[in-house]
Amino acid sequence: ISGERPLRKTFEDYHKRWLKNCEFNFSDEFLAETREVFDMVGQRIEREEQVLFPKLVEIGMFQETRI
């Protein structure tokens, strides 16, 4: 959760720069920045799988409710 703001800010900046006007200019700079954003998202997903989800399981967040 602590990494959400930098990721969100990075994506907002990326969106404003490359996606807002939908020019689809696939320059080397665009591709490099796109890879950086994908890497950040991938790292975030890995961190959630390795840290967040196990913690949620540990505290019982995913237990089924039985009536």
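Mentor: Happy to! A salt bridge here is a side-chain nitrogen of Lys or Arg within 4 Å of a carboxyl oxygen of Asp or Glu. By that rule Arg17, Glu29 and Glu33 are linked in a network of salt bridges. This is a predicted model, in which local features need pLDDT of at least 70 and side-chain atom pairs count only at pLDDT 80 or more, while totals for chains, interfaces and linings use all residues. Residues are numbered from 1 along each chain as its sequence is written, and side-chain values use heavy atoms, with hydrogens and water left out.

Let's look closely at helix 2. The protein has 2 helices and 0 strands (DSSP runs numbered from the N terminus, H or I of at least four residues for helices, E of at least two for strands). Helix 2 covers residues 28–58, and its 31 residues reach 44 Å from first C-alpha to last, close to the 45 Å expected (1.5 Å times one less than the number of residues). A kink of about 40° is centred on Glu48, the bend being the angle between axes fitted to the seven residues ending at a residue and the seven starting there.

Now for its packing. The buried residues of helix 2 are Phe30, Glu33, Thr34, Val37, Arg44 and Leu56; buried means under 20% relative accessible area, exposed over 50% and partly exposed in between, with a 1.4 Å probe and protein chains only. These buried residues pack against helix 1 (4–19). From helix 1, Thr10 is in contact with Val37 and Met40, leaving aside neighbours within four places in sequence (contact means heavy atoms within 4.5 Å). The C-alpha atoms of Thr10 and Val37 are separated by 7.4 Å, though the two are 27 residues apart along the chain.

Back to the charges: the count comes to 5 salt bridges. In one of these, Glu29 pairs with Arg17, with the closest N and O atoms 2.4 Å apart. Glu29 lies in helix 2 and Arg17 in helix 1, so this pair ties together parts that are 12 residues apart in sequence. At the kink residue, Glu48, a salt bridge to Arg44 has its closest N and O atoms 2.7 Å apart. Both lie in helix 2, 4 residues apart, about one turn of the helix. Arg44 is buried because its relative accessible area is 14%, whereas Glu48, at 22%, is partly exposed. Just after helix 2, Gly60 takes a positive phi of about 90°.
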